[in-house]
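This briefing goes with the sequence and the 3D structure shown below. Please keep both open while reading.

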Amino acid sequence: MQIGEVIRKYRKQKELTQEEMGERLGVTAPAVNKWENGNSLPDITLLSPIARLLGISLEELLSFREDLTKEEIRALILELGERMKDEGYVRAFRWAKERIQEYPGSEELALSMGQMLNAYRITEKPEDPSQYDTDICGWLERSLESGKEENRRSAAGSLFHIYFGKGQYEKAEKYLDYFSEQNPEYKRLKAAVYEKTGRLDEAYQAYEELLYSYYTMVTLVLHNLYSLSLSQGERERAVYLAEKQAQNARLFDMGEYSALAPELELAVLEKDQERCLDLLEQLLESIDGMYAGLCSSPLYEHIKFRKVEEGEEMREFLKKNLQGDAELDFLKDSPRWKKLIGNARGCCKSR
């Protein structure tokens, strides 16, 4: 794209007429028309005012190139990889820098090449790798103002690791502001900073809370798969997934109650009276220690748990989930049922 085409493109985006543009720049409308048709070039003293008026950088005004397509960016990245293999880091870096300068408006190119060159300087080990910091970090910094959240987060993650690797932990931590606090990666990286800066209790707690949240997410996904399998009549798969839920509960020290609950759900669906009663008896026996294992587990040593009034949760459980559950009506004439629902005791729970 010639400079005149760049001017025409952004003038129209700004909804300016040639007359309005000429008036603001102190030139005539025919002069603007000549620029856009390629019959003349703006005076050098007008380049910066034109760029400001059009809301673009001087580099964009002078680039003479359209933004790159995804296919073009992919081709340049592949070429960078080939050049890295054939010519080495220094020459490949120089070539990449020229391409980024050639397409200054391509945020995607700067981000992709910055990340790739940062990775290559770890594997290729060029002499004095820190000499490339200014360029690489500068290219990544561009994407921190991107309109695409994915680009902002990706650039921030790369910059975090660059400064974290250099031991500049406070500077690295600032880039975590571009992550949502609910993002598991945010929590993991925050814990890593705590660890490196001597805030060990905070590091332990952050890692443990992250572990607990992973358990919750895995449990939900396994249960959703289990429900989907049942809805599709895939009993064997549902049994397998119920077993995985039990293994997951034991792996994360969630206690026997959490491990037995998925099996009970499957037994209820199948109206297996003896199996249901066996599992209910085991569940009731495990109520006292329902959260005791969790509270005392080394996995969650730095997470505080609160106790509740003895028997409170069990009574609620019996009222709502046993006696009031119509799906359990097939059990309620059994003497074993009448006996076991009286075995209510208390427990503690996680905050």
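This is a predicted model: local features need pLDDT of at least 70, side-chain atom pairs count only at pLDDT 80 or more; totals for chains, interfaces and linings use all residues.

**Helix α15**

In α15, the buried residues are Y257, A259, L260, P262, L264, L266, A267 and V268.

Length and end of α15
- Helix α15 covers residues 256–269, which makes 14 residues.
- From the first C-alpha to the last, α15 reaches 21 Å, close to the 20 Å expected at 1.5 Å a residue.
- An α-helix has 3.6 residues a turn, so residues three or four places apart point the same way.
- After α15 comes K271, which has a positive phi, near 55 degrees.

S229 in α13
- S229 sits in helix α13, which runs over residues 200–231.
- Is S229 buried or exposed? S229 counts as buried because its relative accessible area is 2%, and the cut-off for buried is under 20%.
- Leaving aside residues up to four places away in sequence, S229 touches E234, R237, A238 and L241.

The second largest pocket
- Rolling a probe the size of a water molecule over the atoms shows where empty space is left.
- The second largest pocket holds about 190 Å³ of space.
- Its lining is made up of 12 residues, and L68, T69, K70, I73 and E108 lie nearest the centre of the pocket.
- Which helices each supply at least two residues of this lining? They are α6 (70–87) and α8 (107–123).
- By type, the lining of the second largest pocket has 6 charged, 4 polar and 2 nonpolar residues.

Key
Residues are numbered from 1 along each chain as its sequence is written. Side-chain values use heavy atoms; hydrogens and water are left out. On a 1 Å grid over the protein atoms alone, a cavity is a set of points where a 1.4 Å probe fits but cannot get out, and a pocket is an open set with protein on both sides within 12 Å along at least five of seven lines; lining residues have an atom within 4 Å of a point. Grid points are joined across faces, edges and corners, and a volume is the space filled by probe spheres set on the points. Helices (H or I, at least four residues) and strands (E, at least two) are DSSP runs, numbered from the N terminus. Ala, Val, Leu, Ile, Met, Phe, Trp, Tyr, Cys and Pro count as nonpolar, Asp, Glu, Lys and Arg as charged, and the others, Gly among them, as polar. Buried means under 20% relative accessible area, exposed over 50%, partly exposed in between (1.4 Å probe, protein chains only). Contact means heavy atoms within 4.5 Å. The expected span of a helix is 1.5 Å times one less than its number of residues.
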